[in-house]
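I opened this model to look at its ligand site and the pocket around it. My notes follow, in the order I looked things up.

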Amino acid sequence: MRRIGVLTSGGDSPGMNAAVRAVVRCGIDAGLEVYGIYRGYEGLLDGEIEELDRRSVGDILHRGGTILKTARSERFKTPEGLERAETVLKTFGIEGLVIIGGDGSLRGGLDLSKRGIKVMGLPGTIDNDLGYTDFTIGFDTAVNTVLEAISKIRDTSSSHERTTVIEVMGRRCGDIALYSGLAGGAEAVLIPEIKSSVNDICMKILMSANKGKEHSIIVNAEGSGISSQELVDQITEKTGRDTRLVVLSYLQRGGTPTLSDRTLATLCGAKAVKLLAEESDSRAMGTAGGIITAFDLEEALEQKREIDSELYDLVEVLSK
Ligand code: ADP
């Protein structure tokens, strides 16, 4: 292995830059030439590729987003697109690839690996929706952003004795809602994996208010099955209390990465390069019990993400 490429793909997440930096610097240290591929698979198909040196990734460790840019690519998913991607990589003499992205991006990486390219996948997504790793790069930062918002909303909700519904990201995976609800002291969290009763939530809001609680924070994952506006309307009607909606949206994707995300990104990047230098088969980097793991890429993607129902129950107990 002489020349490797690195790309970021799908939704961006804080820590992607830290991963790119680690790949470039560890790669050069291992005697490899490292090429940056811009705009994910779209840029790969268009040959938007250039060599990166140590300085080109200076001053990015602390920056959210991705200097390589990111994109979604419908073209890449077609047989012709995949063929073209392989041709471009061959033209540039790139034999190994580090792909930083979510489930879709890593599946694209798996397709490339089946064409003989060594692919190392890094879990770059705020959603924490990959089954093979305890945490993904960007999740910790996103949850901290939500916690900051909850704390500010709590201040004003107390003053006005309001209920606030906070909508967070998570179309299929409720981890952002679950962890921010747990650590932020929410009255209830609604997640895609477990059906909630709005009636029970309303009863809880009223009972808490009777006991002197000044505010209620409800965290709704966007894929919970009930739209946040509908939730606000139902709570307003059933409790008769002033209820407001805050949609955090893309705020959750930005910001300087936390210690956890920088560390995870850096260690996964370093491991990916080490494996490529050793000519290892394609793998997916992640973390389990605080240790960096590198599972077979195909097997990793077969692992189903399960919600931690004990955490969910704990939110219930703590907010009674
Ligand atoms: P994420 O990586 O954040 O999950 P997407 O699902 O949008 O984001 O995937 C990013 C890109 O990866 C897509 O635009 C597409 O080019 C590629 N991709 C997504 N799903 C697949 C798949 N099942 N097989 C092959 N490539 C895929």
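**Pocket and ligand notes**

I began with the lining of the largest pocket and found that H4 gives the most to it, with 6 residues. My helices (H or I, at least four residues) and strands (E, at least two) are DSSP runs, numbered from the N terminus. For pockets I worked on a 1 Å grid over the protein atoms alone: a pocket is an open set of points where a 1.4 Å probe fits, with protein on both sides within 12 Å along at least five of seven lines, and lining residues have an atom within 4 Å of a point.

A reminder to myself: this is a predicted model, with local features needing pLDDT of at least 70 and side-chain atom pairs counting only at pLDDT 80 or more, while totals for chains, interfaces and linings use all residues. Residues are numbered from 1 along each chain as its sequence is written, and side-chain values use heavy atoms, with hydrogens and water left out.

I then noted the volume of the largest pocket, about 840 Å³, taken as the space filled by probe spheres set on grid points joined across faces, edges and corners. Of its 36 lining residues, Gly10, Gly11, Arg72, Gly104 and Arg172 are the closest to the centre. Besides H4, strand E6 (163-168) also gives two or more residues to this lining. By class I have 9 nonpolar, 13 polar and 14 charged residues in the lining; Asp, Glu, Lys and Arg count as charged, and Gly is among the polar ones.

Where does the ligand sit? I found the ligand in the largest pocket, the test being that more than half of its atoms lie within 2 Å of the grid points.

For polar contacts I took pairs of N or O atoms within 3.5 Å. A polar side-chain atom of Arg72 is 2.5 Å from a ligand oxygen, and a polar backbone atom of Ser73 is 2.6 Å from a ligand oxygen. For Asp103, a backbone N or O atom lies 3.4 Å from an oxygen of the ligand.

Note on methods. A polar contact is a pair of N or O atoms within 3.5 Å; within protein, one must be able to donate a hydrogen and the other to accept it, and residues adjacent in sequence count only if both atoms are side-chain atoms.
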